[in-house]
Amino acid sequence: MSNHYEVLGVARDATGEEIKKAYRKLARQYHPDVYQGEDAEEKFKDVSHAYEVLSDPQKRRVYDTTGNENGTDSGFGAGFSGQGFAFQDIFESFFGGQGGQGQGPIPRKQRGQDALIGVRIELREAVFGVNKKIEVDTAVLCETCHGSCCREGTTEQTCDICHGSGQVQRPVRSILGQVMTVASCVTCQGHGTVIPEPCNECMGEGRVRSRRSLTIKVPAGVDTGTRIQLAAQGEAGPAGGPAGDLYVEMRVNRDTLFSRERDDLQASVNVPMTAAALGTELTIETFDGPQQLNVKPGTQSGEVLTLRGLGVTHLRGQGRGDLKVELNVETPTRVDAAQEELLKQLAALRGEQFTEGKLTASGGVFAKLRDKLGGH
Ligand code: ZN
């Protein structure tokens with residue numbers, strides 16, 4: 001990139017007046033009305049930037065000393081704000097930035113925004129799916145004017161100020177003399193039309209806020225965070241514009257008995273120590289009704305029985321996850337004298353060294369521990 005003095009075509013010791021003169025000349029030269037090259041915008045930027053630096057004594061000093069702007073380069077267009085003319089406006093009017101040429105009036109009728117609401121359901125409802133009635137609060141089409149925004153018998157009128165273009169030209173004083181910039185018409189907010197007598201119901205918006213009930217079909221398998229999209233049930237657009245979509249985000253309540261791991265359900269049931277040792281049939285309540293669990297003799301605490309296909313329905317695809325039941329073997333916390341006597345007899349029959357309430361660590365106890373640690 002060539003240096004700022006070369007860009008402006010001035011000597012290193014050029015006076016402020018010479019720099020200003022050179023800039024004026026070049027800015028006119030590269031004005032898009034005059035200069036037809038593809039690089040008009042680039043050239044204009046370079047020239048303007050060089051001028052921005054060299055016209056400011058402090059920035060120029062830094063540039064002369066360091067060869068760069070050294071932190072003073074706060075971006076194109078910066079540094080002009082304090083000098084009494086709106087540089088960005090000029091630039092945009094030249095090169096068609098926002099509010100520039102070639103932009104017609106902004107239509108009043110626009111698509112409405114999407115809306116998002118949260119809905120709580122029970123775990124059972126997530127397992128099987130449910131039809132849920134929800135209350136939605138969104139903008140809806142104004143029934144009084146049907147989106148025309150006008151009081152009955154009146155119509156919108158072409159804006160007197162911009163004559164329907166939605167834009168007005170505004171003179172701005174600049175270093176190039178007076179230039180015209182294009183801005184959105186304030187009178188009609190750029191619509192090109194005004195509403196002389198707005199509808200009383202919607203105040204000329206064409207839509208009103210309303211609360212309504214909707215019944216949504218929640219498919220089986222949804223989880224917390226799953227979003228259901230309902231087309232065109234969001235916010236109605238202004239002036240009869242189509243509605244955005246409604247997103248319903250699911251939140252699944254915690255269940256007291258079952259927890260969820262992906263599409264599997266988990267539960268834990270207590271089994272008395274004696275039943276775990278002897279084996280038993282156990283009936284548990286599930287979302288699919290009562291189920292029989294076969295607790296085999298010698299069941300250990302922490303063993304898991306799997307009931308296939310009794311979990312959550314897969315949201316995509318077919319089938320269901322499993323229900324996993326963890327067996328929690330309960331050791332009695334309090335025993336009466338008779339029970340204690342029986343347990344002592346049992347211990348003796350099993351060869352457990354039980355003297356005065358203390359168990360002597362025999363080889364068997366240590367072997368168990370080794371097994372648990374994974375050693376054999
Ligand atoms: Zn209305």
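The exercises that follow concern a predicted model, and they treat a metal site and then aromatic pairs.

**Exercise 1.** Identify the protein donors of the zinc ion, and classify the geometry of the site.

*Solution.* Begin with the donor atoms, which are the SG atoms of C142, C145, C199 and C202, lying 2.3 to 2.4 Å from the zinc ion. Along the sequence these donor residues follow the spacing C-x2-C-x53-C-x2-C. Next, consider the angles among the four donor atoms, which run from 106 to 117°; because four donors count as tetrahedral if all angles lie between 85 and 135 degrees, the site of the zinc ion is tetrahedral. Finally, turn to accessibility, where buried means under 20% relative accessible area: C142, at 0%, is therefore buried, and C145, at 9%, is buried as well.

**Exercise 2.** Determine how Y5 and Y63 are arranged as an aromatic pair, and where in the chain each of them lies.

*Solution.* The count of aromatic pairs comes to three. In one of them, Y5 and Y63 have a centre-to-centre distance of 6.2 Å and an angle of 40° between the planes, an arrangement that is tilted. Y5 belongs to helix α1 (residues 4–8) and Y63 to helix α4 (residues 57–66), so that the pair links distant parts of the chain, 58 residues apart. Y5 has a relative accessible area of 3% and is buried, and Y63, at 6%, also counts as buried.

**Exercise 3.** Classify the pair formed by the rings of F258 and F287.

*Solution.* The ring centres of F258 and F287 are 4.9 Å apart and their planes stand at 45°, so the pair is tilted. F258 lies in the loop between β9 (246–252) and β10 (259–261), whereas F287 lies in the loop between β12 (280–286) and β13 (289–295).

Definitions and conventions:
Residues numbered from 1 in each chain as written. Predicted model: local features only at pLDDT ≥ 70, side-chain atom pairs only at ≥ 80, totals over all residues. Heavy atoms only, no water. Donors = N, O, S within 2.8 Å, 3.2 Å for Na, K, Ca; no water. Tetrahedral: all angles 85-135°; square planar, octahedral: opposite > 155°, others 65-115°. Buried < 20%, exposed > 50% of the residue type's maximum accessible area, 1.4 Å probe, protein only. Phe/Tyr/Trp six-rings, centres within 6.5 Å; stacked < 30°, edge-to-face > 60°. Helix = DSSP H or I, 4+ residues; strand = E, 2+ residues; numbered from the N terminus.
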